[in-house]
Amino acid sequence: MPKRLRVSVATVLAIGLLPILAACGGSDDKSDTGNGSTSASGANAANDSTTNADGAVQLNVPDDADDDTKKLYITENAIAACMKKQGFTYTPHVGAPGADETVAGLEAEDYEAGKKVRGKYGFGNYAAAVYPDDPKAPFGNAGGRQRGKVLDPVDNDEKGFTDAQKKAYEAALVGPPAKSKAEEKLGGCELAGSVAANGPALSAEEEKKAWDAKVEENRANGLALNGDTQLVQLAQEFAACLKGQGIPVTTTQPTGMPDMVRLNQEVSEDHFNLTKEEALPLLTKEIDLSLKDLECGKKFRAAYFPKQKAHPYWGDNA
């Protein structure tokens, strides 16, 4: 049975920028949606969880969880409740906010965290090859990871199953197999989880309207950030510092500055497959570049990220 990817909150937030996928069918039963309880601490649901009347594990919602985080946990709880009603155990798992310190450090929203993480991993492109046994190495495979994504935790939900039981479990979880790639859609208890967190799937027309509204909101937020006089001034200073270090500058728009250096560097196409000996000099070079970017952008990032939280924006072409 193929492994499902349990992703961190940061990843889910990024995925949330995509259009909501339209899907049909699903359970009409809304008595066990998990709305009253959401996440625990990631790998071990028992650390902070309860059990509902049917015996399904339900993760407890953190008091400081934001709306997007709550939706992620509601989804996992609803899947667990749905699977229990069909006679299966599903252990809900959610990557807690801030659990992936490496990702936060690479983004350098916090200067001290950025200095610590970038000082060892650079921008993360070659770290996995140099530190193959380090579970914190970006995009590494150590510690049950696969290129940065956490695989299904070991929860023994299917331990001892026959092949027939595994197929039944998979069908309950994701719905019956599609006849073709074009007919694939969200189904089974995963659909029930999505409906619990997000409501019924939208029609194609409603989906387009929601996406257009999201794009327009994003555009307006980008314009607000790029028109902020403080950020414009700090972006100019950031760019001047980079040029002084011999680092090319391709934009001075505030929305483009946080990731400009990382995105502009030349990265070996087979960087995931390099040997440690091949990757080490490239990592050393990348660490130097990432720390120069960190130092030059210290004041800019300190001002940018709080304002970006108030005006959420993705992309760099506002």
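Is Lys309 buried or exposed? Lys309 counts as exposed, because its relative accessibility is 54%. The model described here is predicted. The structure holds 9 salt bridges, and the count of disulfides comes to 2.

**Salt bridge between Glu109 and Lys309**

- Lys309 pairs with Glu109 in a salt bridge, in which the closest N and O atoms lie 2.2 Å apart.
- This pair links distant parts of the chain, the two residues being 200 residues apart.
- Glu109 is found in the loop between helix 3 (101-107) and helix 4 (111-121), while Lys309 belongs to helix 12 (residues 298-310).
- Glu109 has a relative accessibility of 37% and therefore counts as partly exposed, whereas Lys309, at 54%, counts as exposed.

**Salt bridges within single helices**

- In helix 8 (residues 204-226), Lys208 and Asp212 are 4 residues apart, about one turn of the helix.
- The side chains of Lys208 and Asp212 form a salt bridge with an N to O distance of 2.8 Å.
- Lys208 counts as exposed because its relative accessibility is 54%; Asp212, with 37%, counts as partly exposed.
- A salt bridge also joins the side chains of Asp288 and Lys292, with 3.2 Å from N to O.
- Asp288 and Lys292 both belong to helix 11 (residues 276-296), and because they are 4 residues apart there, about one helical turn separates them.
- Both partners count as partly exposed: Lys292 has a relative accessibility of 25%, and Asp288 has one of 40%.

**Disulfide between Cys82 and Cys189**

- A disulfide is a covalent bond between the sulfur atoms of two cysteines.
- Cys82 and Cys189 are joined by a disulfide with an S to S distance of 2.1 Å.
- The torsion about this S-S bond is about -75°, so the disulfide of Cys82 and Cys189 is left-handed.
- Cys82 lies in helix 2 (residues 67-85) and Cys189 in helix 7 (residues 188-198), so the link ties together parts that are 107 residues apart in sequence.
- Cys82 and Cys189 are both buried.

**Disulfide between Cys241 and Cys296**

- Another disulfide joins Cys241 to Cys296, with 2.1 Å from S to S.
- The link of Cys241 and Cys296 is left-handed, with -65° about the S-S bond.
- This pair links distant parts of the chain, with Cys241 in helix 9 (residues 229-244) and Cys296 in helix 11, 55 residues apart.
- Cys241 counts as partly exposed because its relative accessibility is 28%, whereas Cys296, at 11%, counts as buried.
- When the bonded cysteines of the chain are numbered in sequence order, the pairing reads 1-2, 3-4.

- Ser49 is located in strand 2 (residues 49-51).
- With a relative accessible area of 26%, Ser49 is partly exposed.
- Setting aside residues up to four places away in sequence, Ser49 touches Val57, Gln58, Leu59 and Asn60.
- Ser49 and Pro92 are 43 residues apart along the chain, and their C-alpha atoms are separated by 9.5 Å.

- Asp134 is placed in the loop between helix 5 (127-130) and strand 4 (145-146).
- Why does Asp134 count as buried? Its relative accessibility is 12%, and buried means under 20% relative accessible area.
- The side chain of Asp134 makes a polar contact of 2.5 Å with the side chain of Tyr121.
- The side chain of Lys120 also makes a polar contact with the side chain of Asp134, at 3.2 Å.

Notes
Residues are numbered from 1 along each chain as its sequence is written. This is a predicted model: local features need pLDDT of at least 70, side-chain atom pairs count only at pLDDT 80 or more; totals for chains, interfaces and linings use all residues. Side-chain values use heavy atoms; hydrogens and water are left out. A salt bridge is a side-chain nitrogen of Lys or Arg within 4 Å of a carboxyl oxygen of Asp or Glu. Buried means under 20% relative accessible area, exposed over 50%, partly exposed in between (1.4 Å probe, protein chains only). Contact means heavy atoms within 4.5 Å. A polar contact is a pair of N or O atoms within 3.5 Å; within protein, one must be able to donate a hydrogen and the other to accept it, and residues adjacent in sequence count only if both atoms are side-chain atoms. A disulfide is a pair of cysteine sulfur atoms within 2.5 Å.
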